[in-house]
Amino acid sequence: MESNKMAAAVMDRPLSIEIRQVDIPEPKWDEALVRVHCIGICGSDVHYYEHGRIGRYVVEKPIILGHELAGTVVKVGRGVGNVQVGDRVAVEPGVTCGRCEYCKSGRYNLCPDVVFMATPPVDGAWAEYVAIRSDFLFKLPDGMSFEEGALLEPLSVGFHAMRRGKIQPDHTVLVTGLGPIGLLALEAAKLFGVTELYGSDVVAFRRELAMELGATGVIDPTQGSIAEQLGDAEGFKGFDVLIETSGNARAIADSIRLVKRGGTIVLVGLPVAESIPVDVAQLVDSELDVYGLFRYANTYPAAIQALSRGNQDIRRVITHKFPLRSIKEAVETARTQKETSIKIMIYPDEKHV
């Protein structure tokens, strides 16, 4: 590194973002400095860009967004022993305290003191370099691309959903909402051995991509009975597990009638509404299990192992690639072209685009 400055995409207010020169972070004794190879645009990034807030998290000062990344270690602190300069790594973006009851019990995603990239006031990684505690870095196998490494973050949401739903290979699974998280939840289900796998979305492009990725069938929730769309109006009894990723209030309310008696619902997508009417009588009578999901925990090693041993190419969800210098165009594409874009990948070094 010839200077102590790097290019970073800085958002100073809603709909305003530009490339600026900022200081390259200096890794602390337990941190590593990673040169970012690629980084995805997440729905939360777009929401902060568009509205300047998500719930209680408000952008009150200029911030660097982005948290789905992979890169190469270029510098390590004195206390780092698990990675070394030159290692290709995926970055888990939420650094937890390691001391609270949730961290100690293994559910560190619930840590109240987590420092999560691109969650105000914490800067993210739409930049050339990022420093992070080294135990949140995971080495990529030689045969795994940086793009796959960056996609491990959204894939982890799907992976965690499979664990929460206690997915088994013989389950029939429906994923509602086929954006990046939903499509990668389909990929996670395949990693868990599921072969009867369905998707639901109002956007035709997303349904088509789900079929290309190996879904058994797809559903348009605006086109009447799911049973009839599946060609089984008489015998349809519901799915074993439903993974709801859209956050749509109607989809959440309808989930109860789409699973079998004794089935399972995993709620991933966050609704805008604070409360949603639910048919509690049917939930109780059918003895359904309903699980909430917040991010993920202990997923990166397992996901890396599963991907490296399989033949899935999760990079197929990447629909657009932009250099970091074109960040405004990239985010606007994600914001305004939702019917034709899924995962948009950013590259600080444009020769990798």
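Contact here means heavy atoms within 4.5 Å. The legends below describe a predicted model.

Figure 1. Leaving aside residues up to four places away in sequence, Phe146 touches His37, Cys38, Ala70, Gly71, Thr72, Arg88 and Leu140. Phe146 has a relative accessible area of 14%, and residues under 20% count as buried, so Phe146 is classed as buried. Leu69 is 77 residues away from Phe146 along the chain, yet the C-alpha atoms of the two are separated by 8.1 Å.

**Figure 2. The second largest pocket and its lining.** The volume of this pocket is about 520 Å³. Its lining consists of 24 residues, and Glu31, Val122, Asp123, Val130 and Ala131 are those that lie nearest the centre of the pocket. Two or more lining residues come from each of the elements β1 (5-13), β2 (16-23), β6 (63-64) and β11 (129-133). Among the elements, β11 gives the most to the lining, with five residues. By class, the lining of the second largest pocket holds 16 nonpolar residues, one polar residue and seven charged residues.

**Figure 3. The largest cavity and the residues around it.** Rolling a probe the size of a water molecule over the atoms shows where empty space is left. In the whole structure, the search finds one cavity of 30 Å³ or more. The largest cavity has a volume of about 70 Å³. Glu92, Gly94, Thr96, Tyr108, Asn109, Val114, Phe116, Arg295 and Tyr296 line the largest cavity. This lining divides into four nonpolar, three polar and two charged residues.

Figure 4. Along the principal axes, the C-alpha atoms of the chain fill a box of roughly 70 × 40 × 40 Å. The radius of gyration of the chain is 20 Å, which agrees with the value near 20 Å for a compact globule of 353 residues. Of these 353 residues, 53% count as buried. Among contacts between residues at least 6 apart in sequence, 69% join residues at least 24 apart. The chain exposes about 16500 Å², and carbon and sulfur atoms supply 48% of this area.

How values were computed. Residues are numbered from 1 along each chain as its sequence is written. This is a predicted model: local features need pLDDT of at least 70, side-chain atom pairs count only at pLDDT 80 or more; totals for chains, interfaces and linings use all residues. Side-chain values use heavy atoms; hydrogens and water are left out. On a 1 Å grid over the protein atoms alone, a cavity is a set of points where a 1.4 Å probe fits but cannot get out, and a pocket is an open set with protein on both sides within 12 Å along at least five of seven lines; lining residues have an atom within 4 Å of a point. Grid points are joined across faces, edges and corners, and a volume is the space filled by probe spheres set on the points. Helices (H or I, at least four residues) and strands (E, at least two) are DSSP runs, numbered from the N terminus. Ala, Val, Leu, Ile, Met, Phe, Trp, Tyr, Cys and Pro count as nonpolar, Asp, Glu, Lys and Arg as charged, and the others, Gly among them, as polar. The radius of gyration is taken over C-alpha atoms; the globule rule is 2.2 Å times the number of residues to the power 0.38. Buried means under 20% relative accessible area, exposed over 50%, partly exposed in between (1.4 Å probe, protein chains only). Accessible areas come from the Shrake-Rupley method with a 1.4 Å probe; for residues, only the protein chains shown count as cover.
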